[in-house]
Each structure stands twice: as C-alpha cells, then as structure tokens.
Amino acid sequence: MFITTATNLPRVMACNGSRLMAEAEAPHIGDDKIKNEGIAADWLVGQVHSGKFDAVELIDRKSPNGVYIEAEMVEHLEAYLEDIQQSELEVPCVWNNWKYEINGRADRIEFKPEKQHLHISDLKYGFRIVEPEKNWTLISHAVAWRIANPDKHVEYFTFTIYQPRAYHPMGVGRSWTISKDILDDLTRQIDETLINLDETLNTGDHCHGCPSYANCPAAR
C-alpha cells in the first residue's frame, strides 16, 4: 500500500516518480525564523479559539517553540480568528482504500448544514504564495471529511487559503468554491492517479520542499 500525506499529495499528483526518489539533505539556507513564526501563529490561534486567552493577552508572551508573540502577529491573525469562531480546528482527515492511504489534518473545517456548505481553510503564515484553486491538500481534506460524515449532505465546498503576510492582488484570504459534482471528479482524479502510479518525474511549483530535489535528474 502506498502511504502519503495530504501535504505531499500535490507533489505526488504532479510528479509520480518523486515517491521513488532517495531523499537528499538539502543545503540549509538562512534560519528557521519564518517556519518558527508559523508554528507560533498556529499555537496562538489554538489558544484563542479554545478560549484560554484573548489574543491581546498573548502579546509579549513566549510560545512553546520559543517565539515571542508580537502585536503585529495578533493584528495579522485578527480577521482569521474572527472567521473561525464556529469552526473545528486541527481536524484529522484520513482516508484510504486497498491501494493507498492519505493522512492529513485540516487547519479549520466548518460545516453549515442549512446551506449544505463545507468550508475548509488553511493558514499560511509564510511568504511563499499558495493558491486555493485545485489545491490537492484541501481537496483531500474534503474527501476525508465526506467519508467520515456520510450522514451530512454537502452541495458546495469552499477552500480558502489565509495568508496575512504575503502580498497578493486578491488579498489575504483567497477562496475557491466548487460543487459536489466537481469534487466527485477531483476525487476520481486522485483515485486514478494513485492506483496507477508510474515513475515519471516532472518539475514545477511542487518541487518546493521536495526532499529528493538535490538528487532529481528532472530538476537538474
């Protein structure tokens, strides 16, 4: 059985052969400041959403990974915190069949039964632009949620990337809404790809963060 994560699914969908490549230690450039700030931002969101703290109370406090929460971070996350009040956070999203398994965890999921509408969001605190359109990670979360909740009828799915620090002409919160029928088609694409994996290597945006990049003949 092939096992992957929702985070790595976009790379596997675009580059089947990446799963077969030996990992290589990439050169470490700069520090981990942005990554650590992202971890701290996730921690802040969890603390506020759970009701343990008000966001302002966390200013100048140190997160568990050692990053001090600054007023700027609270300001960046203010709209996101307002939007997720009725949502579930850190939702496990795992689905599988006889051939493959995809493990994931959604930053935020909110189901609105009166509108038969499921909202799935991903908080990105870094500067590298991520788009919601045909985002296989978010699509995988939706598929997993549907499988885990067969009694809930959903007609529309909205995928949102919330990225408060990276400039984008469409703003910090960008969404893509699709119908149930389109999600069914996308689910079939995942199924057909993962059941019929080949050794093809393809380069593109999905190369970012690939652990095999330094060994990849396509990248070279």
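Helix α4 (residues 136–148) and helix α5 (residues 180–195) have axes that come within 10 Å and cross at roughly 105°. α4 is therefore roughly perpendicular to α5 (angles of 65 to 115 degrees count as such). Axes are lines fitted to C-alpha atoms over the stretch in contact, with angles from 0 to 180 degrees between N-to-C directions. Helices are DSSP runs (H or I, at least four residues) and strands likewise (E, at least two), numbered from the N terminus. The model is predicted: local features need pLDDT of at least 70, side-chain atom pairs count only at pLDDT 80 or more, and totals for chains, interfaces and linings use all residues. Residues are numbered from 1 along each chain, and side-chain values use heavy atoms, without hydrogens and water.

From α4, Trp136, Ile139, Ala142, Val143 and Arg146 meet residues of α5, including Lys180, Leu183, Leu186 and Ile190 (contact means heavy atoms within 4.5 Å). The residues of this contact divide into 7 nonpolar, 2 polar and 3 charged.

The largest nonpolar core has 33 residues. A core joins buried nonpolar residues through side-chain atoms within 4.5 Å; buried means under 20% relative accessible area, exposed over 50%, and partly exposed in between (1.4 Å probe, protein chains only). Ile139, Phe159, Ile190 and Leu194 have the most contacts inside the core. α4 gives the most to this core, with 7 residues. Apart from it lies another core, of 18 residues, among them Ala41 and Leu123.

Gly46 lies in helix α2 (residues 33–49). Gly46 counts as partly exposed, because its relative accessibility is 30%.

Technical notes:
Parallel < 35°, antiparallel > 145°, perpendicular 65-115°, else oblique. Nonpolar A, V, L, I, M, F, W, Y, C, P; charged D, E, K, R; others polar.
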